[in-house]
Amino acid sequence: MWASQEFAADQIGPQFDPEKLVEARRSGMSVDEIQKRTYAREFPPAQEADVRFPDVWASRVEAEPELAGGVDEGAEGTLPTH
């Protein structure tokens, strides 16, 4: 998944109006068809939300300039590499 072009272009997936999906199902549309049409963005919400995470790196480096060189392996607060 992480190497796919679709995931690279859109990590979250399409936003949709759940009420439109319920109505599509009630009208007899199959689950597979609903999924395909949802990914084709045929059930959009009235207003899309901004679901991106804020980029906080610049403010972190400004507050802690030592971070500009990267994080040392094994430093406190880092994740293990295996």
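Me: In what order do the elements of the chain run from the N terminus on?

Reply: They go α-α-α-α. Keep in mind that this is a predicted model. The count is 4 helices and 0 strands.

Me: Why does Gln15 count as buried?

Reply: Buried means under 20% relative accessible area. Gln15 comes out at 19% relative accessibility, so it counts as buried. As for its place, Gln15 sits in the loop between helix 1 (5-9) and helix 2 (18-26).

Me: Which residues is Gln15 in contact with, leaving aside neighbours within four places in sequence?

Reply: Phe43, Pro44, Pro45, Glu48, Ala49 and Val51.

Me: What makes the pair Gln15 and Ala49 a polar contact?

Reply: A polar atom of the Gln15 side chain lies 2.7 Å from the backbone oxygen of Ala49. The cut-off for a pair of N or O atoms is 3.5 Å, and 2.7 Å is within that.

Me: And Thr38, why is that one called buried?

Reply: Its relative accessibility is 8%, and the limit is under 20%, so Thr38 counts as buried. You'll find Thr38 in helix 3. Setting aside residues up to four places away in sequence, Thr38 touches Pro14, Phe16, Leu21 and Phe43.

Me: How much of the chain counts as buried?

Reply: Of its 82 residues, 15% do.

Me: What makes up the largest nonpolar core?

Reply: Five names to look for: Leu21, Ala24, Met29, Ile34 and Phe43. To belong to such a set, buried residues of the nonpolar kinds have to be joined through side-chain atoms within 4.5 Å. In soluble globular proteins, nonpolar side chains tend to be buried together.

Me: Which residues does Ile34 touch, not counting those up to four places away in sequence?

Reply: Leu21, Ala24, Arg25, Met29 and Phe43.

Me: How do helix 2 and helix 3 cross?

Reply: The axes of helix 2 and helix 3 (residues 31-39) come within 10 Å and cross at roughly 145°. The crossing is right-handed. On the helix 2 side, the contact is made by Leu21, Ala24 and Arg25, and on the helix 3 side by Val31, Ile34 and Thr38.

Me: What kinds of residues are in that contact of helix 2 with helix 3?

Reply: They split into 4 nonpolar, 1 polar and 1 charged. Arg25 is in the contact, and Arg counts as charged.

Me: What share of the contacts with a separation of 6 or more comes from residues 24 or more positions apart?

Reply: That share is 46%.

Definitions and conventions
Residues numbered from 1 in each chain as written. Predicted model: local features only at pLDDT ≥ 70, side-chain atom pairs only at ≥ 80, totals over all residues. Heavy atoms only, no water. Buried < 20%, exposed > 50% of the residue type's maximum accessible area, 1.4 Å probe, protein only. Contact = heavy atoms within 4.5 Å. Helix = DSSP H or I, 4+ residues; strand = E, 2+ residues; numbered from the N terminus. Polar contact = N/O pair within 3.5 Å; in protein donor to acceptor, adjacent residues only side chain to side chain. Axes fitted to C-alpha atoms, helices over the stretch in contact; angles between N-to-C directions. Left-handed = near helix turned anticlockwise from the far one by under 90°.
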